[in-house]
2 protein chains.
Amino acid sequence: MKIGVIGTGLTKFGEIWDKSLRDLLAEAQLKSLEEAGISPKDIEMIFTGNMCAGALSGQLHIGAMAAENLRLNVPSTRVEGACASGALAIRAGIAAIESGAAKIVQVNGVEKMTDVSTEQVTTALMGAGDEEVEGFQGATFPALYALMARAYMQEFGLTREELAAVPVKSHKHGSMNPIAQYQKELSIDDVINASMVSDPLTLMDCSPITDGASSIILATESIAKKLNNDAVWVVGSGQASDTLALSNRDSLSEIKATRFAAEHAFKQAGITARDVHLAEVHDCFSIAELLAIEGLGLAKKGEAGKHAAAGHHYFDSKMPINTCGGLKSCGHPIGATGVKQAVEIVHQLQNRAGKRQVKKAEVGVAQNVGGTGATVVVNVFKR
Amino acid sequence: MKIGVIGTGLTKFGEIWDKSLRDLLAEAQLKSLEEAGISPKDIEMIFTGNMCAGALSGQLHIGAMAAENLRLNVPSTRVEGACASGALAIRAGIAAIESGAAKIVQVNGVEKMTDVSTEQVTTALMGAGDEEVEGFQGATFPALYALMARAYMQEFGLTREELAAVPVKSHKHGSMNPIAQYQKELSIDDVINASMVSDPLTLMDCSPITDGASSIILATESIAKKLNNDAVWVVGSGQASDTLALSNRDSLSEIKATRFAAEHAFKQAGITARDVHLAEVHDCFSIAELLAIEGLGLAKKGEAGKHAAAGHHYFDSKMPINTCGGLKSCGHPIGATGVKQAVEIVHQLQNRAGKRQVKKAEVGVAQNVGGTGATVVVNVFKR
């Protein structure tokens, strides 16, 4: 597989009170078109990832909205897999091109979350879990990930300080990313002493509520080569599923679907974990980043926390992780996250990542998770 | 394009109070597997259409649920385009096969609507329109389609009696379909004298609130030929978009996206409207059926009402339409509808439609609409 990314677009991430769901989506769409140097009429299909607009804006049918924003009548579809919606939209775009149905596709992600109360957001997000088994019992996502963190700490002896190294690194990266929601550094103490959300996770272990949108343009190899002499290539894509409810899993200390998705994506890309120069992973909570790194094979089981504490995941260290600031510091507009991860990898591979530029980055991986790991997508990008 | 439908599954449609969203989905999934004579592990990817489970059951992430129901870890994705979600899932399944990513795919549709109040359902359904322009102003779907009906009556002189012929025919067909929500015939007077919902549409012009699920198994041509010597083939698929809000359209008396989607699908299938033997169309409201028939080119503009009144759309007449009873009589579990349309066409082409069997049916078309026509999918099936 070799599909070109010929344009990227991101809005600012944060509390964007002066822009609507539609405004955010349109802004990212127009930016990716501008960067690709093409006009709306060149787009043959559109796929958009969104999770919560039904609950938070009363708006479903985001596919039609994305087409209308470009004044197009082309096929335009929303895909949803909770927090993995963005990467699922990328996969739909890949399938459209690989099937021959389209040569140039726009893939977007969008979420507008700050217009309603935190309670409404928390309730809507529980749609990612198992409503009957988890939501109905009062479980929320911080609580579910806290269970995973506790199980992992128990099994592998991860310390609170090692876990706190994850958001500290994310905020360092976020401080160097102009679109990030939070551009301020944190200390280990800041993380540990922040208000407790669900033991052991404090507020600084939890990704925030964010507005934002993201967009990329995908094209066949021949068109990409014609339009962009610095195109980045999607060379592998994997997706896997697991039970919605944590209680139905064999283990709480791994996200098995990451392993399955990575195996498929790496095989398709013809790489192994050793070939990966940087990764964007789904750090909705600090523990999730460690599970992702291990699921991708970038660390042995139980060792990712030590690597984090040793500073290996900084942009200028051994294995740069979440150079954009991750979900924690860049922000987590749910549907937009998976596409934003792709944008960050593309910018790094194109040497456009400014102060947080990784040296000699040629292979990048994006891992996007829905729920507590019921859906995982892994996409591999190459220079 | 030639993709085989090798299995179908439908639950009963109606107020199914003893089954949950998950139960309904699982039932349809298992039925389609059983009919195809394959086991869950033969399924390589799953796509599921659903619109409202987030709002009505607090459950998003239906893709993962569908995989879990079959105890599979394969890629499984929810697609949503309002009431066209089911047919969009079929298109996603087609793309998966055409791209070479999978050889056998399960496509499902599901909706669980009767556990909450009618007001909650009406509000959730408005997510299909434009929330800012229509929903926020208090418009509901009966009101929007009533505007289209009025415009059409004004322009083409359609009478109230001609319009009423649509649900009368649908209920006749529904009375012959064991899974239909309503199996009772109606008269023209019953329709006209029913309680007014939004002038000129009475309660009997409006599709009901329904629980139900539907499933089909798609396979490559060679696998389909091996597994099923009576496979029906998907030979064309088209999708088009239009503005979310009615007020941004050029005309209220046509659904332009149907025309665009049909042009593409018919061209791909190598047919014209004259080759079509029967059609399942999206009669969410009586007027929508007439707009669909004309959009597909099965009647000239302004003439579908006369054909309806003349009885041409009965299963044993010139151009059988909605032989399952349509959304009106068979019921309209939103996400399930598009896949159920495919199931009805497949059963007709396989000579399995019982009392309502169309004679010499070889080419069938399914048209599925999201919102007031902001998304339309047209799929063409051949024996």
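Visitor: Let's start with A:His61: where does A:His61 lie?
Guide: Helices here are DSSP runs of H or I with at least four residues, strands are runs of E with at least two, and both are numbered from the N terminus. On that basis A:His61 sits in the loop between helix H2 (53–57) and helix H3 (62–69) of chain A.

Visitor: And what is phi of A:His61 near?
Guide: This is a predicted model, where local features need pLDDT of at least 70, side-chain atom pairs count only at pLDDT 80 or more, and totals for chains, interfaces and linings use all residues. Residues are numbered from 1 along each chain as its sequence is written, while chains are lettered from A and ligands numbered from 1 in the order in which they are written. Most residues other than glycine have a negative phi. A:His61 isn't glycine, yet its phi is positive, near 60°.

Visitor: The peptide bond from A:Asp199 to A:Pro200: cis or trans?
Guide: Most peptide bonds are trans. A:Pro200 has its place in the loop between strand E5 (196–198) and strand E6 (201–202) of chain A. With omega near 10°, the bond from A:Asp199 to A:Pro200 is cis.

Visitor: Over in chain B, what is omega for the bond that joins B:Asp199 and B:Pro200?
Guide: B:Pro200 is in the loop between strand E5 (196–198) and strand E6 (201–202) of chain B. The bond joining B:Asp199 and B:Pro200 is cis, with omega about 10°.

Visitor: Which element gives the most to the side of domain 1 of chain A that touches domain 2 of chain A?
Guide: The domain assignment, automatic or from a database, gives domain 1 (3–117 + 210–232) and domain 2 (138–207 + 238–382) in chain A. Counting two residues as in contact if their C-beta atoms, placed from the backbone, lie within 7 Å, 36 residues of domain 1 of chain A touch 33 residues of domain 2 of chain A. Strand E1 (3–10), helix H4 (85–98), strand E4 (104–111) and strand E7 (212–219) of chain A each give two or more residues to that side of domain 1. The most, seven residues, come from H4(A).

Visitor: How do H4(B) and H14(B) lie to each other?
Guide: Axes are lines fitted to C-alpha atoms, for helices over the stretch in contact, and angles run from 0 to 180 degrees between N-to-C directions. Helix H4 (residues 85–98) and helix H14 (residues 334–349) of chain B have axes that come within 5 Å and cross at roughly 60°. Under 35 degrees counts as roughly parallel, over 145 as roughly antiparallel, 65 to 115 as roughly perpendicular and the rest as oblique. H4(B) and H14(B) are therefore oblique.

Visitor: What about H7(B) and H11(B)?
Guide: Helix H7 (residues 160–174) and helix H11 (residues 286–295) of chain B pack with axes 8 Å apart, at about 95°. So H7(B) and H11(B) are roughly perpendicular.

Visitor: Which residues of H7(B) make that contact?
Guide: On the H11(B) side there are B:Ser286, B:Ile287, B:Glu289 and B:Leu290. From H7(B) come B:Leu163, B:Val166 and B:Pro167.

Visitor: How many residues does the contact take from chain B?
Guide: The copies meet through the same surface, because 98% of the interface residues of chain B are also interface residues in chain A. Chain A puts in 50 residues, and chain B gives 50.

Visitor: In chain B, which residue has the C-alpha nearest the axis?
Guide: Superposed by least squares on the C-alpha atoms of residues with pLDDT of at least 70 in both, chain B lands on chain A by a rotation of 180° with 0.0 Å of shift along its axis (RMSD 0.0 Å). The two copies are thus related as by a two-fold rotation axis. In chain B, the C-alpha nearest that axis, 1.8 Å from it, belongs to B:Ser99.
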